[in-house]
Amino acid sequence: MRKLTPAGYLAKARMIVIKVGSSLMIEPEARAVRSGWLAGLAQDIHALRGNGAQVIVVSSGAVALGWQRLGIARSTQLDHRQASAAVGQGLLMNAWAAAFAEQDITVGQLLLTYDDSESPERSANARATLAVLLRAGVVPVVNENDSVATEELKLGDNDRLSARVAELAGADLLLLLSDVDGLYDGDPAAAGARHIDHVSEVTPEIEALAHNAASDGVGTGGMATKLAAARHATGLGCPTIIANGRKDYPIGRLLDGERATLFAPAQD
């Protein structure tokens with residue numbers, strides 16, 4: 001039997017978790033939301049819902065937006081980062097609400113920590129909240145609760161959090177939108193680096209490839225956290241895709257066959 005492509009998995013998925021990183025949400029120079037791009041993504045998600053899929057968004061960007069509004073320099077100090085998140089989270093949700101308002105779709109905020117995803121009682125509560133929001137036609141927008149999470153509990157730019165959310169929701173697809181079109185066997189910017197379109201298992205050899213990936217400095221995650229997310233999700237039977245989200249209408253492009261890396265679920 002021929003294996004499904006990323007587009008094939010996306011087309012048939014009924015419960016999709018889409019992770020959007022800071023590097024896609026935020027214009028690095030102005031430290032402002034890329035509102036035109038976000039409006040296009042909202043249209044993409046509206047189309048998925050029109051085809052019968054339920055969609056949950058996991059969005060970074062609160063800390064990056066908060067620095068600008070606070071008027072202070074970026075810092076590694078935990079209290080500074082948490083203060084920035086406290087200011088930026090409202091700005092982030094306003095951006096998502098404005099983007100989906102054009103599609104007459106309501107968004108709902110859900111803030112989680114590592115403890116929430118580990119605790120049976122808290123995870124059950126989060127699962128129930130997601131279910132109510134989805135039944136009401138709301139798009140849940142999930143973020144790590146940066147204002148209270150400690151350094152030791154940070155999940156890594158929401159990549160690993162998105163895998164936990166996929167587990168909570170019983171998702172049948174995790175889509176990680178990135179600033180690259182998937183996994184390479186070398187630095188993607190280097191000549192001769194080979195794109196890897198299918199990964200049957202996240203092995204130590206695959207994980208070692210993450211050291212070759214570059215970051216643009218806006219987000220705090222990278223390929224290593226994306227591979228950790230893929231390992232967690234696929235181990236639960238949820239296929240995972242790393243795709244380029246930089247251009248407008250990234251989901252439509254993926255459905256049209258744009259290149260990406262597919263991590264097959266454990267039973268495939």
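Q: What is the bridge partner of Ile 18 in β4?
A: The partner is Val 57. This is a predicted model, and the pairing is read from it.

Q: What makes β1 and β4 a pair?
A: Two strands pair if there are at least two bridges between them. Strand β1 (residues 15-20) and β4 have six bridges, in the parallel sense.

Q: What makes β4 and β6 a pair?
A: The threshold is at least two bridges. Strand β6 (residues 139-144) is joined to β4 by two bridges, and the strands run parallel. Val 57 has Val 141 as its bridge partner in β6.

Q: Why is β4 called mostly covered?
A: A residue is buried when its relative accessible area is under 20%. In β4 (residues 54-59), five of the six residues are buried.

Q: Why is Asp 104 called exposed?
A: Exposed means over 50% relative accessible area. Asp 104 has 73% relative accessibility, so it counts as exposed. Asp 104 lies in the loop between α5 (78-101) and β5 (107-112). Its phi is positive, about 55°, although Asp 104 is not a glycine.

Q: Why is Tyr 249 called partly exposed?
A: Buried is under 20%, exposed is over 50%, and partly exposed is in between. Tyr 249 has a relative accessible area of 38%, so it is partly exposed. Tyr 249 sits in the loop between β11 (240-244) and α11 (250-255). Tyr 249 also has a positive phi, about 50°, and is not a glycine.

Q: What makes β5 and β10 edge strands?
A: The open sheet has eight strands, ordered β5-β6-β4-β1-β7-β11-β12-β10, with mixed pairing. β5 and β10 (198-199) each have a single partner strand, so one side of each is left without a neighbour in the sheet.

Q: How do you know that α5 packs on the sheet?
A: Helix α5 touches β1, β4, β5 and β6. Its direction makes about 150° with that of β5.

Q: What makes β7 and β11 a pair?
A: At least two bridges are needed. Strand β7 (residues 173-178) and β11 have five, in the parallel sense. Leu 177 stands opposite Ala 243 in β11.

Q: Which strands does α8 lie across?
A: Helix α8 (residues 159-169) lies across β1, β4, β5, β6 and β7. It runs at about 165° to β1.

Definitions and conventions. Residues are numbered from 1 along each chain as its sequence is written. This is a predicted model: local features need pLDDT of at least 70, side-chain atom pairs count only at pLDDT 80 or more; totals for chains, interfaces and linings use all residues. Side-chain values use heavy atoms; hydrogens and water are left out. Buried means under 20% relative accessible area, exposed over 50%, partly exposed in between (1.4 Å probe, protein chains only). Helices (H or I, at least four residues) and strands (E, at least two) are DSSP runs, numbered from the N terminus. Contact means heavy atoms within 4.5 Å. Axes are lines fitted to C-alpha atoms, for helices over the stretch in contact, and angles run from 0 to 180 degrees between N-to-C directions.
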